[in-house]
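Open the structure in your viewer and keep the selection tool at hand. The stops below are meant to be taken in order.

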Amino acid sequence: MPAADRREVIFRVRGLTKVYGEGTAQVRALDGVDLDLHEGELVVLLGQSGSGKTTLLNQLGGLDIPTAGELLYRDTDLTHATEHQLTEFRRDSVGFIFQFYNLIPSLTARENVGLITEIARDPMPAETALEMVGLGARLDHFPAQLSGGEQQRVAIARAIAKRPEVLLCDEPTGALDVRTGIVVLEALERANRELGTLTVLITHNAVMAEMADRVIYFSDGRVHHERRNAVRAAPATLNW
Amino acid sequence: MLSHLDRKLLRDLRRLKGQAAAVSLVMACGLAMLIMARSLIHSLESTRAEYYQTNHFAEVFAPLKRAPNHLAEQIRAIPGVATAQTDLSVPVTLDLPGITEPASGAVRSLPDFGEPELNRLFLRRGRWLPPGSRGEVLVGEAFAKANALNPGDTLTMLLNGRRQAFLIAGIVLSPEYIFESRPGAALPDSRTYGIFWMPYKEVATAWDLYGAFNRLSLTLAPGANERPIIVELDRLLRPYGGLGAFGRKDHPSHIRVTDEIRVLTILSIGFPIVFLSVAAFMTNAVLTRLLALQREQIAILKAFGFTNRSIVAHYLKFAFVMVIAGVMLGLIGGMALGTKLVMMYELFFKFPDLHFRLDGHAVAIALGVGLGAVTLGVLDSVHRAARLPPADAMRPEPPAHFRPAFIERLGLARLLSHSFRIAVRNLERRPTQAFFTVAGLALATALLILPNTFKAGIHEVLDFQWDVVQRQDLNLGLVEPSSARLAHELEKLPGVTSLEPSRFAAVRIHFQGRSRQIGLRSLLAGGLHARAVDHAGREISPPTDGVILSAKLATVLGAKVGDTLLLEALEGRRPVAAVKLRALAEDFTGIAAYMELHALNRFLGEGDVITGATIGLDMSRRTEFLAALREIPRVATVAIKETMRQSFRETTAKSMGLIQSVYLTFAVIVAFGVIYNNARISLAERARELATLRVVGMTQREVGAVLVVELVILALLAVPLGLLMGTGLTTLIIGSVNTETVRIPLVFTTYTYSFAVVVVIIASTLSALVVLRKLNQLDLLAALKAPE
């Protein structure tokens, strides 16, 4: 058995199904997904548009309720959680990173992170989180004064500042050029390595799979196959 | 068949229906006021004009003591006089069954045969007096209604001291008494004061006036000038105790209707302006938001060849739909309000047939003004959108620029929570939107100040009039000047605890070319009943010579304390004297002049004479007193303070209740609408931001707080501003309502202010709650998608 599997299971996914719409308009976005995700793992989800990656991420992040199947976060059953429990779960355990950064435009970098550390259980100082993503010098800039890559790194700092158990990233480099994208990936990789955070990363870009512990291929709402990298490639060595 | 662009319009409207409705409602408030006020002006003016014309209302009036009927020939010969009519007007007291307190009024004479030429009556019920009738009377409608009198009932009257029962033949209205009240009273008291009509012969016989008249009414030939005719009349009537002729514009009943029209005119201009400005801004905010959302759609439309003009037209249509809805609502509201106010007018004004008449022009004006206001409001942003090059418009708008808010730049940053920062920075970034939300909320607050201040002012007038100035329990008026010995007789009546004699004389006061005709009243040195009080509320002890004038009268004449006025008596031997203006008195109803009793008698040169008395009464012996008073024939009028007070209170409560509820409704609509609009726009513009906050773990309550903090800041700015605005607006409106007949003091109370604050806060809170419920429907997944 590979080493990763001995680590603690954080998400246990069995027969997870998500159906949108009704009747003939029905779409099975997830069609019976079985999956375990472990502590400290860096997992890349690959697949074409509509293959179900984002839907899975939404279920993992407590943004959506599955139609059927089992979804356990440690001992918590997310399929039957209340709105309040889901909010608690997101607040304490999940860090989100979006393709379009989603910073609050009226808050500076430091404040965007501070907004979250204010409500988190055991946060690191906002400044520390921003240092980790290499933005120690741009603490008091507003989003409009930052480049796309910088904005995404603020978003990463915001996500990791609360020391979450899970980092969920939906195409975090999708809106960035290669060079900036690599800087962002480095920040993510560092957070995963230093904080031991389970990191799930969605991408269209097969090259990025090289930096993962495990690569899961999606198609038609199911796990098509998965592979393990013997060695995680450093982001700087990637090229696309 | 709708074009596809119009179909898009309908769907956009459906999506924004809440905000569109808020805009239409605020607009409707202003337009309702406009339509109501203009239509009421139209109703009053046209009804009055028709009434005057149909019933031959005179144009010049002259009261006098007594003149022989043949003098009328001389008057008809004055160039410019078309018709002259003489008749009699005499005071009367009445015994009403079941009511111990006496009523009084005036009896007017009618020709013994045929209809009068001028000031014809309108028969509401019953029948006219048959030619040569005796023992029958026509009763004015206000008095008949207040006392439930019907044709066929009998009425006991004291005519020149003789008690006699009269049969009520009919209930009538007169163009001379559209506003039927005791001379000089601010409000009608129809229960104890009425007007009656009897044949000339009957009145003249009872008063020994046969062959004479004491009232003159004229109409003028077309194009004739009123001024020289009045001068000539005064000259002719002087030997006959002429009390000064006056034109229609000084006719007491005419003035009251004109005053009301003036108030309506102010309402019809001021209110719509304010409401429509707020509505125009709200439209601007809704459309700007819609345009920002639809940048790409606009770009695509342009890319496919739609002209700028058709795009501008498309979005203007959106605004126009809101205006048309606003006008329709305003029309319904204005008509409903107008109909209610017309019913309220029946408390004050007696017309044969006063109906609400919709002023068609007002609806057209409302539509025009509404369209104009929103076009101004949205034209700029619509144009800007249309001018965007298609390629530019297809890119999403760049991220908004922010900077630390002013309050943070002051170094207070550390004190601010994150949600507070988000709120203040957002407000600073959109100062116009913040400004108009503040303006709207302030307007709502301000609206609530007026009715309560009005009410407090009226109470102040009543309290002042009856607790400070006139402290007696009742006023007696004598049929004619009598010897002061009568006072001793009255003093012995049962229940009288104190009595002070009073003298009243018609005079004209001249100062530097200006003059006013007025009743000069006596004050008693050391008197406890009637007093004159200065602006600080201190009693002015009556000087042994000279006069005291109402501050308002002094202003009208342009005189100040120390000036010498010319006092011309209009009765008795008609003496003229130069007197010093000694002090200015504060009073709220009418204009008055006072003189010390003995000084007044010296001036009139008739010896120790009184025309009435003020009485302090042991109220437990009131019935006994009034019964005894009936045996004294020379008493013409009795006015009991408590009764008048009660009646005023009822009348004001009825009219103020309606006005208050109208203002309350408007204020709630504006507060609710403005907050709703602001919060919905914030919610829509920042849906992504707010969804992100939810995704990263904030609760609904915490996300709601971000929006609420913004609203609270706006409200904190708006409410004090609104109180200030309300104070100003109220000062302006009450100031413009004030005339020589009524002046309402400005009485701002803590209650008035607190009431406004509480209502606005409740309305805003409810509105915010409605919007915050939308946070439940916030699509969290939207945060993960590309920005719109």
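With which residue does Arg508(B) form a salt bridge? Select Arg508(B) together with Asp234(B): the two form a salt bridge, with their closest N and O atoms 3.3 Å apart. A salt bridge here is a side-chain nitrogen of Lys or Arg within 4 Å of a carboxyl oxygen of Asp or Glu. Arg508(B) belongs to strand β14 (residues 504-511) of chain B and Asp234(B) to helix α6 of chain B, so the pair ties together parts 274 residues apart in sequence.

Before going on, note that this is a predicted model, in which local features need pLDDT of at least 70 and side-chain atom pairs count only at pLDDT 80 or more, while totals for chains, interfaces and linings use all residues. Residues are numbered from 1 along each chain as its sequence is written, chains are lettered from A and ligands numbered from 1 in the order in which they are written, and side-chain values use heavy atoms, leaving out hydrogens and water.

Stay on Asp234(B) and show helix α6 (residues 226-237) of chain B, where this residue sits. Helices (H or I, at least four residues) and strands (E, at least two) are DSSP runs, numbered from the N terminus. Asp234(B) counts as buried because its relative accessibility is 18%; buried means under 20% relative accessible area, exposed over 50%, and partly exposed in between (1.4 Å probe, protein chains only). Arg508(B) is buried too. Now show Ala245(B): the side chain of Asp234(B) reaches its backbone nitrogen at 2.9 Å.

Next, select strands β1 (residues 60-68) and β10 (residues 212-220) of chain B, which run antiparallel and are joined by six bridges. Within this pair, Phe61(B) stands opposite Ser217(B) of β10(B).

Move to chain A and select Asp140(A) and Arg110(A), whose side chains meet in a salt bridge (3.1 Å, N to O). Asp140(A) is in the loop between α4 (126-132) and α5 (148-160) of chain A, and Arg110(A) is in helix α3 (residues 109-117) of chain A, 30 residues apart. Asp140(A) is partly exposed, at 49% relative accessible area.

Finish with Arg28(A) and Asp31(A), another salt bridge between side chains (3.2 Å, N to O).

How values were computed
Two strands pair if DSSP finds at least two bridges between them. A polar contact is a pair of N or O atoms within 3.5 Å; within protein, one must be able to donate a hydrogen and the other to accept it, and residues adjacent in sequence count only if both atoms are side-chain atoms.
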